[in-house]
Amino acid sequence: MSHHTTPSKTFWTPANILTAVILVIGLVLTVKRFTMGIGSVTNLTDDNPWGIWIGFDLLCGVALAAGGYTTSAAVYLFGMKKYHSAVRPAITTAFLGYAFVVFALLYDLGRYYRLPYPLTIYPGPTSFLFEVGLCVALYLTVLAIEFSPALWETLRWKKLRFWAHSLTLVLTIFGVVLSTLHQSSLGGLYLLAPSKLHPLWYSPYLALFFFVSSIPAGLSMVIFEGGLSHTFLHHKMDETHIKEAPGVTLGFAKAAAVVLFTYFNLKWIGVALDNNWHYLSTGWGAWFLVEMLGFVLVPCLMYAVAAREKSQKLAFWASIVTVLGIVLNRLNISLVAFNWQLPAELRYVPSWEEIMITVFIVTLEITVLRICLNKLPILHEHPEFKGAH
Amino acid sequence: MKRRKFIGMLAGAGACMAASTATAGGTHHFKGYPESFGVLFDSTKCIGCRKCEAACNKVNELPAQPVPFDDLAVLDSRRRTHHDTFTVVNKYSVNDKPVYRKQQCNHCLEPACASACFVGAFVKDKTGAVSHDASKCVGCRYCMIACPFEIPTYEYHDPITPRVRKCTMCQPRIEEGKLPGCVEDCPKGALVFGRREDLLNIARERIRKHPSIYIDHIYGEREMGGTSWMYISGVPFEKIGMREDLGVTPAPELTSGALSLVPAVVGLWPMFLTGAYALTKRREKIAEEEQHHAVAEAVAEAQSEAAKKAKAAMEKAERDKQAAIDREVKKALKEAEEARLKAETPADPSEQ
């Protein structure tokens, strides 16, 4: 709490200085992007129309924001009430995650001001992208309402809080449906490009893979951020949060181990169905094995051991490996194994300005998250609304 | 590809959905609009003069090119379509002989770009042309990801109104009864414009008449479900930069299986989830009831135990009381008896 900090402590901590520098560079590049066009800051070409703004900001951003639906489903639908204290941090992260996915999309869209077109003026329902857009828009709304009680509590708007809270069950069900659809449809986007995506990554199961892998992604982000909160925001957490945290970590670790193993098996079924085994002996195969063994099987085993030995530390490390694995998978599909047949000189490598804008957006998101965790009743219950969940 | 489609249908997950998926993607076969037009490119006739490029530039009012169209040196490097170049001719060396291949939008019968577009900006017209409406475009560039022929291009340096650009098959000219610009200016008859059905017959006829010149394949007859532009060649198409592994599945079918599961998820998921919630609630309720029951039972048992104890104690007390009374009575009787005996017994003579 603020009264614990001594007044001599300056606002200009190293972390805040770095944040400020990144934000300033980001703003300059933003001006460049919106006055001189996408081509002025990116290495995108006619052969490589989607770069890291789609591959990382969109695909990874959405996958890593899956903690919202997984946690709220576990608590409200499957009755795992002992994880209740994890819901608000997870919803907050998911809400900000999606909000910044949409924000990042504005940089990538050539005519960003027409973002509502597919939903209002010219629907194109034959496209998986239409589904992505529709679901993300609806889910962002759901998350905004699910997140809002923290705000109403702070503002003491009891009626609004009551109203938003009374929708919990419906919103949770709606959230899971929408997440199932858009998590999978991000994979579905690539079903249309069998000639461009390497056969080891292309599969008619792509949509299913994306959905299933989003579950450990979400669980891992909850564990990962929980671990970080404990280190940096311990003073913001109330007794319930501190008491329930080990249970959340180990319970989620167990679930993540199970789903990762399921995903591991599914991926091999994908290889088997198209009989792509012979690719495994190529360089692409080696890279595929790195992803499958190093970033799916290894974290799966780490989680399993962590759950058995009740080691929160190991679960925390497993969550990092899983998150990296999800990022690797999404980047492989969208960038690395995409256009694999193009000659090297035509392949896409992001420009530093492109990377910097992504760093800027992530920094902005973390900054807003830090403000939320510090100012709103997320890691603790609001004194006037204790036990009102 | 047949197998992939089959697997795609299975992959969608629910076996129960397989039937509807099959009807969504499988039973009808779209052969293109009847009477629609197309162009046949014959690589054995093309001499790489770039007249088609010049004509395209002119009729589409595209910006002037840095290299004039009569400079054939550009043929030595590989080029692709660009936002101000809707068609390019590339030179390939096959068996030390130059072979030229013209590249432009193939105007697929069932275009991947149209299938990908989430605002419906691409339209396959009855003339055969696939056209793009920039007034709808959001600029997501998914069409460029989707196109297996790598045709749509983008104005990356326009900050406000960038457009997706590609060959229009000169649709406005066709509607006026004119030939596409490139076809009109081709000096060697390497390009033939006509109804797609007629072009297929022309191509078959040429292959039949000159089996030693042509490969027995009309590229575009069936590739990706068929295209309005078609190619015949004297060398394998792979050798002139054309993918031969694209298959014959029309692009929309690649996603229709998975897309048809969307309504299934929307329809079934809420039921499953509500069911899960109801089960959880019920389990909680049962657990609560059992707890109540157990508590009540324990209380009752304790109570009956206590009552039993109390009763036993009462009984014992009663017994004790009775015993005490008996004892007292006995004692009194005994005392009385003793007194009586004492009175009856004559005095000790010695006392007298």
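User: How do the residues lining the second largest pocket divide into nonpolar, polar and charged?

Analyst: This is a predicted model, in which local features need pLDDT of at least 70, side-chain atom pairs count only at pLDDT 80 or more, and totals for chains, interfaces and linings use all residues. Residues are numbered from 1 along each chain as its sequence is written, chains are lettered from A and ligands numbered from 1 in the order written, and side-chain values use heavy atoms, without hydrogens and water. A pocket is an open set of points on a 1 Å grid over the protein atoms alone, where a 1.4 Å probe fits, with protein on both sides within 12 Å along at least five of seven lines; lining residues have an atom within 4 Å of a point. Here the lining has twelve nonpolar, eight polar and 13 charged residues (Ala, Val, Leu, Ile, Met, Phe, Trp, Tyr, Cys and Pro count as nonpolar, Asp, Glu, Lys and Arg as charged, the others, Gly among them, as polar).

User: Which residues lie nearest the centre of this pocket?

Analyst: L342(A), R101(B), E150(B), G241(B) and R243(B), out of 33 lining residues. Strands 2 (88-94) and 3 (97-103) of chain B each give two or more residues to the lining.

User: In what order do the three strands of the open sheet in chain B run?

Analyst: Strands of a sheet pair through backbone hydrogen bonds, either parallel or antiparallel. A strand is a DSSP run (E, at least two residues), numbered from the N terminus, and two strands pair if DSSP finds at least two bridges between them. The order in chain B is 8-1-9, with mixed pairing. Strand 8 (191-195) and strand 9 (229-232) are the edges. Strand 1 (residues 37-42) runs parallel to strand 9, joined by four bridges; L40(B) has M230(B) as its bridge partner.
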